[in-house]
Amino acid sequence: MRPAHLALAALVAAVWGVNFVVIEIGLDHFPPLLFSALRFLVAALPAVFLVGRPTVAWKWILAVGLVLGVAKFGLLFTGMDLGAPAGLSSLVLQVQAVFTALFAFAALGERPGRLKVAGMAVALAGIGVAAADEGGTGSLTGFALVIGAAACWGVSNVLTRKASPPDALNFMVWVSTVPVLPLLALSLLLEGPERDLAALRGLDPAGAGVIVYVAWITTVFGFGAWGWLLRRYPASSVAPFSLLVPVFGMSSAALFLGEGVSPARWGAAALLVGGVALTSFAPGRPTGGNSVADPAPVPVSSSGRALSEERPA
């Protein structure tokens, strides 16, 4: 990759990592489900009028929109609102690579090889260490919801693989139209209209800036740049930069939010990142003529497989 393109890949990873800090700040301004709905609303408008017609069937847009937009982001934002730290969330969410491999085996018949299975075991050990560390100081409920978000992300990765969208940005923008109304309905039901109205009436420049960051910077710029890189370079050259997301997430949380990183959390980070790397890049074992090649991971987010593969938060 050219130096400028290496820098662009690192910048996207940084944008996605810092996104967790921005989410934490945004949760001081909005209830989590309303915040997630606003994120998708602003990501979809006006971009939906600029990207052209959908390039895949609506059934895939609806399925990914509900699983990724409503379930994954609803659980992530709620988990962080209940106390899951931003830095830890950026790390734990990467276990989606393990869930993706498990769901791909169940739904697509992609049998993991021994190295991939070993990577999954190492990553799960990292989750265990992180859970034990969080159990002594933080919210296990929030931690469990972030794990649930990672599982939903894995499901959406498999659905996206089946959809195989030729244009990642077009797909993400149209997917962003789906969660808005369901998330607003859930927010009114669970968070209450009074709380939602108070948040909207109290909208200030900081709150508006948070929405712009998670919608346009993380989604439109992040996925647009990532898709542009993937069209020019092999996924195996671009995908390793996704492993920088939790590095930027944990370091920015420590810098801007004052989150401490215990020795146990560093150990969990080493296990998780190492396990995800093995899970993501180890070759899979084909199961016959209809098996799907196992791609290297590409994160979505907010922040996930490069929409046709794997995306981050």
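Q: Where is Ser164 found?
A: Ser164 lies in the loop between helix H7 (140–163) and H8. The model shown here is predicted.

Q: What makes the peptide bond from Leu45 to Pro46 cis, and where is Pro46 placed?
A: Omega of this bond is near 5°, and the bond is cis. Pro46 sits in the loop between helix H2 (32–44) and H3.

Q: Why is H3 called roughly perpendicular to H8?
A: The axes of helix H3 (residues 58–81) and helix H8 (residues 168–177) cross at roughly 65°. They come within 8 Å. Angles of 65 to 115 degrees count as roughly perpendicular. Therefore H3 is roughly perpendicular to H8. The crossing is right-handed.

Q: How do you know which residues of H3 and H8 are in contact?
A: Contact means heavy atoms within 4.5 Å. From H3, the residues are Trp58, Trp60, Ile61, Val64, Gly65 and Leu68. In H8 they meet Phe171, Met172, Trp174, Val175 and Thr177. By class, nine are nonpolar, two are polar and none is charged.

Q: How do the axes of H3 and H9 cross?
A: The axes of H3 and helix H9 (residues 180–190) come within 9 Å. They cross at roughly 35°. This crossing is right-handed. H3 contributes Leu66, Gly69 and Val70, and H9 contributes Pro182, Leu183 and Leu186. The contact has five nonpolar residues, one polar and no charged.

Q: Which residues make the contact of H5 with H7?
A: H5 brings Gln96, Phe99, Thr100, Phe103, Ala104, Ala107 and Leu108. H7 brings Ile147, Ala150, Ala151, Trp153, Gly154, Val155, Asn157, Val158, Arg161 and Lys162. They divide into 11 nonpolar, four polar and two charged. Lys and Arg count as charged, and Arg161 and Lys162 are among the residues of H7 here.

Q: How do you know that the span of H11 agrees with its number of residues?
A: Helix H11 (residues 205–232) has 28 residues. At 1.5 Å a residue, they should span 40 Å. The end C-alpha atoms are 37 Å apart, which agrees.

Q: Where does H11 bend?
A: H11 bends at Tyr213, by about 30°.

Key: Residues numbered from 1 in each chain as written. Predicted model: local features only at pLDDT ≥ 70, side-chain atom pairs only at ≥ 80, totals over all residues. Heavy atoms only, no water. Helix = DSSP H or I, 4+ residues; strand = E, 2+ residues; numbered from the N terminus. Expected span 1.5 Å × (residues − 1). Bend = angle between axes of the 7 residues up to and from the residue. Axes fitted to C-alpha atoms, helices over the stretch in contact; angles between N-to-C directions. Parallel < 35°, antiparallel > 145°, perpendicular 65-115°, else oblique. Left-handed = near helix turned anticlockwise from the far one by under 90°.
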